[in-house]
Amino acid sequence: MKKHFLIFGAGLLLLSACNSVKAPEAILPIPEAKQVEWQKMETYAFVHFGLNTFNDREWGYGDSDPKTFNPTRLDCEQWVQTFVKSGMKGVILTAKHHDGFCLWPTQLTEYCIRNPPYKDGKGDIVRDFVNSCRKYGLQPGIYIGIRWNSLLGIHNFKAEGEGAFARNRQAWYKRLCEKMVTELCTRYGDLYMIWFDGGADDPRGDGPNVEPIVNKYQPDCLFYHNVDRADFRWGGSEAGTVEYPCWSTFPSPYSHSNATEPALNHNILLKHGDKDGKYWVPAMADTPLRGANGRHEWFWEPDDENNIYPLDALMDKYEKSVGRNATLILGLTPDPT
């Protein structure tokens, strides 16, 4: 018994010693848990809905009357149930597109859901959307376009004009964007993704400093993206496909190109990644459902029903996105009702 006890005791000592040894540092990039869960989703929806829907426009210029926004049968639960039936695991809503119109009742601009006749100015489509997602088990994400705001004359983050007045407007716009992001990050509970279309630029330059806001209020949220960070990357086209091979690794922690990198080379890098990259920045492929016959419509437009991709085209996109190590985002378009 003593002999067995000594052997068993030595085993205990050995086990204790093993537990005290630190794991070696990774020599390859490792994904965060939220990146893994996002990749496992495979497909998710992208809903574009706003003033463009009611004015037969793909791109708004800030001149559409907010009173034209008046859906008569809007039902976010019906949207979400449709996505669930299709097998999708999440959905992103365009809370603000490039025209400047906001789908939540912000106090930061009058160009928002407070002023249309819809629900007598008391609607909040962002809230209805996230509540519907949670009711049916989908992950809610928010898209906010801040690179452009046509209503305010902001193009590619730049305020129009020169001199002190323009510089002051630039600083004011940066603060406005930060306040909008704070509203979206604090009013609606946990979000799985914040999507800055065209990026959020450089906070040391013309861009707002939004990453600390997301980190503070939505620490588990995927961040896409600015010049410092991208939790995933655009796959280089809006065709719903990526090239083969498509590596999840990337040479930098962000997906922006820079002045020393030719745009063509960067686009190839977006499509393929870099097998020797030091950062985990996997690819996503996006495409609108209404993209057949030469069309490419993110917002609903009339007489467009014949331009929905047929099933065989959608399966091809699935195989060339999810099948090639990316996720697939399908743009869907509620109509004016």
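**Close-up 1. Helices H4 and H5 (residues 125-136) pack at an angle of about 40°, their axes 8 Å apart.** This pair is therefore oblique, a class left over once angles under 35 degrees (roughly parallel), over 145 (roughly antiparallel) and 65 to 115 (roughly perpendicular) are set aside. Axes are lines fitted to C-alpha atoms over the stretch in contact, with angles from 0 to 180 degrees between N-to-C directions. Helices here are DSSP runs (H or I) of at least four residues, strands (E) of at least two. Contact, meaning heavy atoms within 4.5 Å, involves Val-80 and Val-84 of H4 and Ile-125 and Phe-129 of H5, among others.

The model is predicted, so local features need pLDDT of at least 70 and side-chain atom pairs 80 or more, while totals for chains, interfaces and linings use all residues. Residues are numbered from 1 along each chain as its sequence is written, and side-chain values use heavy atoms, without hydrogens or water.

**Close-up 2. Eight strands form an open sheet with parallel pairing, in the order S7-S6-S3-S2-S1-S12-S11-S8.** Pairing requires at least two DSSP bridges. S7 (222-224) and S8 (233-234) are the edge strands, each with a single partner, so one side of each has no neighbour in the sheet. Trp-234 has Met-284 of S11 as its bridge partner.

**Close-up 3. The largest nonpolar core holds 55 residues.** Such a core joins buried Ala, Val, Leu, Ile, Met, Phe, Trp, Tyr and Cys through side-chain atoms within 4.5 Å; buried means under 20% relative accessible area (1.4 Å probe, protein chains only). Helix H6 (residues 163-187) gives the largest share, seven residues. Phe-196 touches residues including Ile-144, Val-181 and Phe-223.

Technical notes
Buried means under 20% relative accessible area, exposed over 50%, partly exposed in between (1.4 Å probe, protein chains only). Lists of a residue's contacts leave out its neighbours within four places in sequence.
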